[in-house]
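Visitor: Hi! Could you walk me through this one?
Guide: Happy to, here it comes.

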Amino acid sequence: MNDSKKQNIEEVRLMKGNEAIAHAAVRCGCDGYFGYPITPQSEIMETLMELEPWNTTGMVVLQAESETSSINMVYGGAGCGKRTMTSSSSPGVSLMQEGISYIACAELPCLIVNVMRGGPGLGTIQPSQADYYQSVKGGGHGDYKLITLAPASVQEMADHTVLAFDLAFKYCTPALILADGVIGQMMEKVVLPPFQPRLTEEEIREKYPWATLGKPSSRKPNIITSLSLEAEEMETINLRLQRKYREIEKNEVLFEEFSCEDAEYLVVAFGTTARVCQKAVEMARAEGIKAGLLRPITLFPFPTIAISNYADKVKGMLTVEMSAGQMIDDVKLVVNGRVPVQFYGRMGGIVPSPDEVLKALKEKVVK
Amino acid sequence: MKEEIIIAGFGGQGVLSMGKILAYSGLMQGQEVSWMPSYGPEQRGGTANVTVILSDERISSPVLNSYDTAIVLNQPSLERFESKVKPGGTLIFDSNGFHKFPTRTDINIYRIDATEYAYANDSTKTMNMIILGGLLKVRPIVKVANVLKGLKKSLPDRHHHLIPMNEKAIEVGMELIQKVN
């Protein structure tokens with residue numbers, strides 16, 4: 001969320017979350033963006049086209065003929081050790097799932113941005129969080145996970161772009177920014193990350209020896225594939241993937257707490273909904289209800305330990321989502337019946353209001 | 001200080017840009033700001049609205065269902081947002097095309113006939129700045145100097161020669177606005 005530190009006015013800009021992603025991508029040395037327009041995230045590619053980074057950093061910005069094509073362009077670029085990304089909204093991300101599964105299995109780093117809109121189907125263009133299952137439970141086939149970041153402010157849209165690329169390359173795995181229409185469309189203050197140059201091909205060869213940038217006679221060919229016909233070999237790959245996911249779970253959990261110290265009731269929410277819930281918690285506190293908010297910043301890895309600790313302290317929890325209730329499953333798994341976990345949500349593009357959340361907290365949890 | 005504002009009207013009345021100018025003005029005076037537009041089907045030919053929050057503190061929810069101030073520029077927006085003004089809050093309306101008028105007695109209601117003025121004086125392009133002037137007269141939440149600074153920052157250089165025209169529109173708005181209740 002917004003950091004209210006006094007910043008130099010000159011550095012502070014006002015922009016949409018989508019625009020912040022585009023600026024941050026150019027600044028963090030992204031080599032290529034491949035995408036297909038869809039509301040509510042079209043400003044990402046629009047801003048990139050306006051910035052014309054091919055004239056400055058040399059970054060490629062390309063409108064593909066479809067989402068399927070974009071994700072496979074990302075796959076190809078990632079195989080060359082390049083920082084590649086795509087962005088879309090819910091129906092478009094569904095189209096990408098096959099490619100994402102391939103990239104996860106081939107163990108390549110890349111960034112996918114999903115600015116969620118209401119579904120299922122072609123749905124609506126207003127904000128939603130109903131792609132939680134798709135994002136953290138593996139939207140494509142096979143046992144894989146995506147590092148999933150859930151920004152709740154325009155500043156985090158910029159910061160997470162840099163973080164997602166760093167984590168993707170650290171673990172050689174795709175990273176996903178899971179935002180929603182509100183965060184994409186709203187304008188807030190943002191301080192953009194500092195410029196870092198794109199890696200040269202020599203630097204890529206040195207840092208990422210697996211990259212397929214042309215084979216010198218001194219080494220064997222690098223083969224990048226997601227196909228292994230031998231079952232034993234495929235199980236070995238799966239075991240390696242699972243070890244990697246356990247490492248990520250151990251090292252990369254991020255979450256934020258708001259007035260949790262003495263909380264008797266805990267609200268769990270991510271993204272835009274966490275902002276709405278923060279206001280609801282402020283309103284509850286004003287009425288003397290000791291409520292707190294835990295906001296997962298990483299959805300995979302999920303902040304299991306933090307939530308588990310609260311299960312021993314609070315009287316009840318409320319999960320609030322713009323869906324029929326998806327993240328609540330993960331909260332319940334962690335809580336494991338120790339306290340009641342209730343749900344409040346709106347669907348199809350409706351953003352819950354702080355009053356509604358407060359009412360749900362009182363009726364379902366405080367009683 | 002915290003001011004939660006909704007501006008609503010037809011697409012093309014300058015609702016979103018008025019909100020943007022307010023947000024930039026808040027930025028210029030070092031405040032936290034958020035600008036959340038309706039970007040749904042209503043933006044495509046129907047009613048448009050934008051929620052602007054200016055605050056000295058970190059802003060929690062960018063989406064609200066009650067407001068300190070509502071600026072409504074068409075009948076459907078009045079019907080939707082009159083009841084959402086907090087008691088003691090402010091409602092500003094441009095009555096052009098209205099057939100039903102605000103009825104609440106627990107809020108401060110102001111009328112500004114900006115559309116009528118703009119058409120009579122061939123200044124339709126600055127109509128939203130006239131309304132902004134009216135707002136700043138009754139709710140001086142940002143200094144006019146900061147509005148002008150914000151315009152300078154948000155407009156490309158080639159449009160900077162239009163800033164004096166906008167300043168004049170703000171002054172006109174300050175004169176035009178009148179209390180109804």
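Guide: A term to start with: two strands pair if DSSP finds at least two bridges between them. Helices (H or I, at least four residues) and strands (E, at least two) are DSSP runs, numbered from the N terminus. This is a predicted model, where local features need pLDDT of at least 70 and side-chain atom pairs count only at pLDDT 80 or more, while totals for chains, interfaces and linings use all residues. Residues are numbered from 1 along each chain as its sequence is written, and chains are lettered from A and ligands numbered from 1 in the order in which they are written.

Visitor: Thanks! In which sense do strand 8 of chain A and strand 2 of chain B pair?
Guide: Antiparallel, over two bridges. A:Glu188 has B:Ser34 as its bridge partner, and A:Met187 has B:Trp35.

Visitor: And what's the order of the open sheet?
Guide: Its nine strands run 1(A)-8(A)-2(B)-3(B)-1(B)-4(B)-5(B)-6(B)-7(B), with mixed pairing. Strand 1 of chain A and strand 7 (178-179) of chain B stand at the edges with a single partner strand each, so one side of each has no neighbour in the sheet.

Visitor: How many residues does each chain bring to the contact?
Guide: Chain A brings 24 and chain B brings 21, where contact means C-beta atoms, placed from the backbone, within 7 Å. On the side of chain A that touches chain B, helix 10 (271-286) of chain A gives the most, with five residues. That side divides into twelve nonpolar, six polar and six charged residues. Here Ala, Val, Leu, Ile, Met, Phe, Trp, Tyr, Cys and Pro count as nonpolar, Asp, Glu, Lys and Arg as charged, and the others, Gly among them, as polar.

Visitor: New topic: at what angle do helix 1 and helix 4 of chain B pack?
Guide: About 50°, with their axes 9 Å apart. Axes are lines fitted to C-alpha atoms, for helices over the stretch in contact, and angles run from 0 to 180 degrees between N-to-C directions.

Visitor: Which residues meet there?
Guide: B:Ser17, B:Met18 and B:Ile21 in helix 1 of chain B meet B:Asn128, B:Ile131 and B:Leu132 in helix 4 of chain B. By class, that contact has four nonpolar, two polar and no charged residues.

Visitor: Last one: is A:Glu19 buried or exposed?
Guide: Buried, because 24 other C-beta atoms lie within 10 Å; the cut-offs are 20 or more for buried, 12 or fewer for exposed, and partly exposed in between, with C-beta atoms placed from the backbone. A:Glu19 sits in helix 1 (residues 17-27) of chain A and touches A:Glu43 and A:Thr47, leaving out residues up to four places away in sequence.

Conventions: Contact = placed C-beta atoms within 7 Å.
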